[in-house]
Amino acid sequence: MSTDKKILILPGDGIGPEVMTQVRRVMDWFEKKHSLGFKVTEGLVGGASYDVHGVPLTDSTLAQALDADAVLFGAVGGPQYDDLPFDKKPERGLLALRKEMQLYANLRPAIVFEAMTDASALKPDVVSGLDILILRELTGGVYFGEPRGISDLPDGQRKGVNTQVYTTNEILRIAKVAFELARKRGSKVCSTEKSNVMESGLLWREEVQKLRDADYTDIDLSHMYADNCAMQLVREPKQFDVILTDNLFGDMLSDLAAACTGSLGMLPSASLGDPDAQGRRRGLYEPVHGSAPDITGQNKANPIAMILSYAMMLRYSFDLGEQADMVENAVKNVLNSGVRTPDIMGPGTAKVSTSTMGDALLRELDKS
Ligand code: NAD
């Protein structure tokens, strides 16, 4: 099943390279045992790129990302880069990639593995079996809207302005992704906005409903104000299947949903663009966590978020659902066996290092 698909690997900074090493082992396993090979290249991003090239993302790395079928991204940042000007900061590398690759759809699954039910801050019966997907619009809304800025007023005050703005097309393309994803899950979409107080929210609600009525009558669509959605996520998160949200509300709701699952080291994400003429959809896959400078170089990082991001890449960029299931089942079985990195330790579990967690995952894959 060897393919000519191209993957660009950008491990980045801090624990990024440590968790990516474990993904490389899983990729090697698939190549050896299932002849699933990709054309893999590796590059520098973030602080690692700044150290060598003086910029967080070079033109040549960006060109490689645009040419790749998928990008696997570790994490960027670290205290040694805190005083750099904004355009040189490691995080700029990631933002530039998202922008240039036009990744407007951010998928964040919030899944609670049975063995991890106790790790959530919520009651076990509220989160047990939780499996929801937050779909956040990533390139529009108030973070990019014009006018924006800080100005001086004649009376000596200052004024800060940001603009929440969405066009029909921006709403429709993300809503379409939500409906398509829901079809592969529970066929339910809950669209969130603040149409009670914002015109942009009212437009969002109307356009999402129109698209559903025209092309997705099989989808059970509901609408919810974003503030109520935040409350419902804590009260009864299992009522949701896919939550569709804009950039600003999605930023908060996705972090809230993440908190329901208990650990940052377990959360994968995918950012997708539009399919091109050949049906190829750009995708960047990364763990939700950052570079974790406090544990860098100690072989303590949990590689599961990175490995689950790789599983998302198999599923969404390469339509390899069976192989993605294999990876996710291996994670589930390892957790059930009580093997844990320090961040997800619980009573009666065994503490292991990053690389030993990788060993355990490969052993589970061997059994599949
Ligand atoms: P962080 O996610 O790096 O760490 C927060 C806490 O979670 C730390 O205690 C860390 O040890 C722990 N943690 C994170 N991932 C873990 C893992 N896989 N296994 C075990 N423990 C884990 O967030 P932060 O401390 O706010 O930021 C550190 C740096 O990362 C900053 O420079 C920040 O800008 C950057 N950052 C980058 C990204 C990204 O690359 N997408 C995202 C968030 C933060």
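Six elements each supply at least two residues of the lining of the largest pocket: strand S3 (70–75), helix H4 (90–100), strand S4 (105–111), helix H9 (247–261), strand S11 (268–275) and strand S12 (281–287). The model is predicted. Its largest pocket holds about 900 Å³ of space. A second largest pocket has a volume of about 630 Å³.

**The largest pocket**

- H4 gives the largest share of this lining, with eight residues.
- The lining of the largest pocket has 35 residues in total, and those closest to its centre are Glu91, Leu94, Leu95, Arg98 and Arg136.
- Sorted by class, this lining has 12 nonpolar, 12 polar and 11 charged residues.
- Where does the largest pocket lie? Domain 1 (1–109 + 265–368) and domain 2 (121–261) both give residues to its lining, so the largest pocket lies between them.

**The second largest pocket**

- A set of 23 residues lines the second largest pocket.
- Closest to the centre of this pocket are Ile111, Asp131, Arg185, Arg315 and Glu328.
- S4, strand S5 (131–137), helix H10 (304–316) and helix H11 (321–336) each supply at least two residues of this lining.
- S4 also supplies at least two residues of the lining of the largest pocket.
- By class, the lining of the second largest pocket divides into 13 nonpolar, two polar and eight charged residues.
- Why is the second largest pocket placed between domain 1 and domain 2? Both domain 1 (1–109 + 265–368) and domain 2 (121–261) give residues to its lining, so the second largest pocket lies between them.

**The ligand**

- Which atoms of glycine 290 and the ligand lie 2.7 Å apart? On the protein side it is a backbone N or O atom of glycine 290, and on the ligand side an oxygen atom.
- Serine 291 has a polar backbone atom 3.1 Å from an oxygen atom of the ligand.
- Histidine 289 uses its side chain: a polar atom there lies 3.3 Å from a nitrogen atom of the ligand.
- Taken alone, the ligand exposes 800 Å², and the protein buries 67% of that.

**Two backbone details in loops**

- The peptide bond from glutamate 146 to proline 147 is cis, and its omega is near 0°.
- Proline 147 sits in the loop between S5 and strand S6 (149–152).
- Serine 35 is not a glycine, yet it has a positive phi of about 50°.
- Where is serine 35 found? Serine 35 lies in the loop between helix H1 (16–34) and strand S2 (39–42).

Technical notes
Residues numbered from 1 in each chain as written. Predicted model: local features only at pLDDT ≥ 70, side-chain atom pairs only at ≥ 80, totals over all residues. Heavy atoms only, no water. 1 Å grid on protein atoms, 1.4 Å probe; cavity = no way out; pocket = protein on both sides within 12 Å on 5 of 7 lines; lining within 4 Å. Points joined across faces, edges and corners; volume = space filled by probe spheres on them. Helix = DSSP H or I, 4+ residues; strand = E, 2+ residues; numbered from the N terminus. Nonpolar A, V, L, I, M, F, W, Y, C, P; charged D, E, K, R; others polar. Domains from an automatic or database assignment. Polar contact = N/O pair within 3.5 Å; in protein donor to acceptor, adjacent residues only side chain to side chain. Areas by Shrake-Rupley, 256 points an atom, 1.4 Å probe, with all protein chains shown as cover.
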